[in-house]
Every structure is written in C-alpha cells, then in structure tokens.
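Thanks for passing this one along. Here are my quick notes on how the helices and cores go together.

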Amino acid sequence: PGGHVWLPNPPFSGMTDDEWRRTKSCELWVQSRIRTIQHARAIADMNLESDEDDIGGGQDFVSFYAGLNETLYEEMLASGNLPYEEMEEEEEELKSEEAEGEEDATAGLAPASASLEEKYKDKIDQLVDMGFLDRTANLGALVETGGSVEQALSRLLG
C-alpha cells in the first residue's frame with residue numbers, strides 16, 4: 001500500500017497478509033515514536049543550555065514529545081502489545097489535517113490562475129507564436145520571471 005515495499009508475510013507467522021502489514025506498520029510507528037521522543041529530549045536539553053526560549057517556534061512540539069514515556073513504547077514493542085488504536089487515530093488526524101490544508105491551498109487557485117492568464121495573455125501568445133505551445137508552462141515561466149519573455153524563454157529551454 002501507498003508506495004511501501006513490504007517484506008512477504010512468512011508462512012510461519014500465522015497471520016493474514018493484512019494482519020502482518022498492520023503489525024509491521026505499528027511496530028515501525030512505535031520505533032518512530034521512540035526516536036522522536038529521544039530527539040525531542042535532546043532538543044529540549046540543548047534549549048535549556050541556550051539563551052533562546054524557543055527554537056524555531058517548535059517548543060510545543062518538543063515539550064509534548066519530550067514529556068512522553070519512552071519506556072512505555074519500548075515495552076509495547078518488546079511485548080508485542082502494540083498501540084494499534086493510537087496509531088490509527090493519529091493517522092486519521094494527519095489525513096484530516098492534510099485534506100484541510102489541500103482545500104486551503106487550492107481555494108483561491110483558479111481565480112488567481114485566471115487573472116494571471118489575463119495579465120500575461122499577450123506574452124503567452126508571443127511564446128506560443130515562437131513555438132512554445134504549452135500555455136500552462138508558458139504562464140509558469142512568466143510568473144517565475146516576473147513577466148520577462150526573455151527569461152521565460154531561458155526557463156522553457158533549460
């Protein structure tokens with residue numbers, strides 16, 4: 001699923017392929033959580049040694065993860081008593097946040113694109129007349145170069 005390369009489910013596992021994938025995903029998630037906790041603690045320790053109150057605005061993130069119980073996650077991993085529900089809830093939250101972000105990012109895209117096409121219409125036509133028939137690529141090159149046909153040509157050629 002999702003571009004991951006999975007090791008085959010060993011015949012002696014006694015699990016279905018879905019159970020095997022779910023277990024391996026959760027094991028990886030727990031290992032990642034342990035590393036995140038370790039890194040957050042290291043950042044928190046560096047932050048205590050520095051004069052800065054907040055490294056890059058991420059102090060809430062660092063405080064949250066540094067406060068988690070690393071041993072609890074290590075015990076889950078060792079015992080096989082994995083936090084499937086916690087992992088799945090976090091995945092759902094991330095998917096929801098990504099969907100909201102995509103909606104926000106594309107909300108004004110069509111009107112902005114249309115107004116840019118109007119703004120650069122003559123220059124796009126000029127590039128089309130020169131043999132550059134992809135109007136979208138022409139628009140992108142013009143936007144990147146602030147409307148310079150010469151610089152847009154360089155981008156399109158290069």
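This is a predicted model: local features need pLDDT of at least 70, side-chain atom pairs count only at pLDDT 80 or more; totals for chains, interfaces and linings use all residues.

1. Residues are numbered from 1 along each chain as its sequence is written, and side-chain values use heavy atoms, with hydrogens and water left out.

2. In the largest nonpolar core, which has 16 residues, Cys26, Trp29, Val30, Tyr73 and Leu82 touch the most other members. (A nonpolar core is a set of buried Ala, Val, Leu, Ile, Met, Phe, Trp, Tyr and Cys residues joined through side-chain atoms within 4.5 Å; buried means under 20% relative accessible area with a 1.4 Å probe, protein chains only.) At least two residues of this core come from each of helix 1 (17-49), helix 2 (59-66), helix 3 (70-79) and helix 4 (84-106), helices being DSSP runs of H or I, at least four residues, numbered from the N terminus. Helix 1 gives the most, with seven residues.

3. Leaving aside residues up to four places away in sequence, Cys26 touches Leu82, Pro83, Tyr84 and Met87 (contact means heavy atoms within 4.5 Å). There's also a second, separate core of 10 residues, Tyr120, Leu139, Ala141 and Leu153 among them.

4. How do helix 7 and helix 8 pack? Helix 7 (residues 135-144) meets helix 8 (residues 149-157) at an angle of about 120°, their axes 8 Å apart. The contact involves Ala137, Asn138, Ala141, Leu142 and Glu144 of helix 7, plus Val149, Ala152, Arg155 and Leu156 of helix 8.

Note on methods
Axes are lines fitted to C-alpha atoms, for helices over the stretch in contact, and angles run from 0 to 180 degrees between N-to-C directions. Buried means under 20% relative accessible area, exposed over 50%, partly exposed in between (1.4 Å probe, protein chains only).
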